[in-house]
Amino acid sequence: MKPFSISLRLGIWYAGLSVLGFALFGIAMWFVLTSSMLAWKDRTLQMRATRVQAALATMSRRDDAAMIKRLNEVVGLLPEGELIRVARNDGQPLFPRDVASHTSRLPLSSCPIPSLRDVFVGREKYRQMCMPALYAGDTVYVVAPSPLLEDRILLRNFTYGLLRTIPFILLLSGVGGYVLSRRALRPVDLLIAEAKTITPDNLTRRLTVSAADDQLRRLAMEWNGLLSRIHSAMSQVAQFTADASHELRTPVAYIRATAEYSLGLPSLDDETREGLCAIVDEARLMSDLLENLLTLARLDMTPGSLRSETADVGSVIAEVAEYFRPAVNQKEQALTVMPTDAVRASVCMSALHLRRILTVILDNAVKYTPVRGRITVACNMHETVDVVVADSGIGIAAEHLGRIFDRFYRVDQSRTDVTEGVGLGLSIAKLIAELYGARIDVVSSVGQGTTVTMRLPPSCP
Ligand code: ADP
């Protein structure tokens with residue numbers, strides 16, 4: 001099962017802890033209430049029994065009728081006075097005379113010292129105070145009971161009230177906890193959104209560090225530190241590639257020049273000539289590769305900001321088409337530049353870079369279109385200025401389309417006799433395009449041809 005989100009988990013925790021806290025509070029309150037009600041009841045009963053005890057003590061001689069009259073006056077003034085009874089030492093009731101009421105079923109116990117206990121009449125519970133008293137020199141017992149029914153009802157209502165509150169507490173704390181944790185985690189969402197915008201092309205960007213000295217501030221600072229380290233490692237790799245390519249360019253050019261010079265010597269036999277031709281070809285490929293590596297390394301080191309140079313699309317297209325004319329003629333291909341109004345557009349890109357991208361795309365079109373094939377270059381104005389190069393070549397299978405912009409990626413070359421290229425052209429083109437916020441889209445079908453569309457920003461911001 002997928003684990004719950006942090007907010008949901010915090011919400012559940014809040015709800016659980018709140019209910020637990022509330023339940024503990026309720027239990028504690030229940031005990032406090034029960035014991036204070038009992039203490040209060042005990043005090044009241046003691047006071048009632050003491051009043052009767054005091055009344056009995058005033059009777060100096062035995063006169064039951066006078067005693068009953070006196071006690072009737074006293075209990076008449078006391079709440080629940082009708083329940084108060086006086087018993088003789090042998091357990092016989094002295095007061096009241098009429099013991100037919102249900103309270104007579106309450107046990108009349110003797111008690112050497114004042115004592116309190118719970119007694120039952122049927123299922124009804126009573127609290128009963130028993131206190132010894134002196135009546136005309138004899139020891140008698142005053143029994144003052146009080147039913148506990150009202151207290152039980154009060155406690156039951158209190159318990160039900162608590163239980164009824166629990167769902168609300170659960171709902172309130174759960175929802176409250178969820179909402180609060182969502183709010184608390186919002187800065188994390190903002191950090192995530194910011195982190196998502198950081199790609200290898202804009203590694204100089206950093207996360208916003210909050211002013212509050214909290215975990216989020218430390219997290220953002222750690223992230224920024226990590227980004228700096230990655231950026232510096234990548235810069236070192238790019239710098240190394242640039243330095244190595246740069247250093248290798250001169251010896252490779254020297255090898256090529258020497259081989260080309262040697263090829264011009266008249267005394268060469270066929271075998272040596274063939275070997276020198278192979279050296280010249282390989283040296284040419286090697287210089288192209290070094291050139292591409294140098295370009296890539298320089299682009300990697302370029303901060304991914306937009307430039308504000310503009311280029312005239314029409315003249316760059318014409319220039320590049322002219323450059324490829326000999327290769328096109330050699331393969332007897334038809335290269336057509338469509339005459340549209342959009343050709344007069346200018347785009348936000350340096351002419352040098354536009355020429356580089358178009359050269360890569362047209363080079364591929366010529367290379368991967370068979371003899372007598374067709375290549376067209378058109379320019380359309382939409383929200384962007386679209387330069388479209390369509391060929392009737394061998395096409396690219398769908399499973400390769402997503403990878404042709406990867407460095408050194410080449411579709412299986414056994415399908416063509418093209419030996420040039422190392423799979424860097426399109427990755428360079430894409431990198432340059434991204435510098436200007438441009439896009440390159442490729443649509444292709446095997447055996448039918450390929451259409452490459454460059455979507456160039458018409459004006460610089
Ligand atoms: P390369 O130097 O090998 O041409 P690229 O990066 O320019 O490298 O292109 C990558 C791969 O995409 C090529 O090897 C080729 O297989 C395929 N490709 C690019 N353009 C075309 C095209 N117009 N027609 C067919 N295949 C193409």
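Select strand β7 (residues 334–337) together with strand β9 (residues 374–381), and you will find them paired in the parallel sense over 4 bridges; two strands count as paired if DSSP finds at least two bridges between them, and helices (H or I, at least four residues) and strands (E, at least two) are DSSP runs numbered from the N terminus. Within this pair, A334 stands opposite R374 in β9. This is a predicted model, in which local features need pLDDT of at least 70 and side-chain atom pairs count only at pLDDT 80 or more, while totals for chains, interfaces and linings use all residues. Residues are numbered from 1 along each chain as its sequence is written, and side-chain values use heavy atoms, with hydrogens and water left out.

Next, display the open sheet of 5 strands, whose order is β2-β1-β5-β4-β3 with antiparallel pairing. At its edges stand β2 (93–95) and β3 (115–121), each with a single partner strand, so one side of each has no neighbour in the sheet. Neighbouring strands here are turned by 35° against each other on average, direction ignored, where axes are lines fitted to C-alpha atoms, for helices over the stretch in contact, and angles run from 0 to 180 degrees between N-to-C directions. Inside the sheet, β4 (residues 124–135) and β5 (residues 138–147) run antiparallel and are joined by 10 bridges, and C130 has V143 in β5 as its bridge partner.

Finally, move to helix α9 (residues 425–435), where 8 of the 11 residues are buried, so the helix is largely enclosed by the rest of the structure. Here buried means under 20% relative accessible area, exposed over 50%, and partly exposed in between (1.4 Å probe, protein chains only). Among the buried residues of α9 are L426, I428, L431 and L435, and the buried residues of this helix pack against α5 (270–301), α7 (351–367) and β11 (439–445). Just after α9, select G437, which takes a positive phi of about 75°. For contrast, turn to M1 in the segment before α1, which counts as exposed at 92% relative accessibility.

Note on methods:
Contact means heavy atoms within 4.5 Å.
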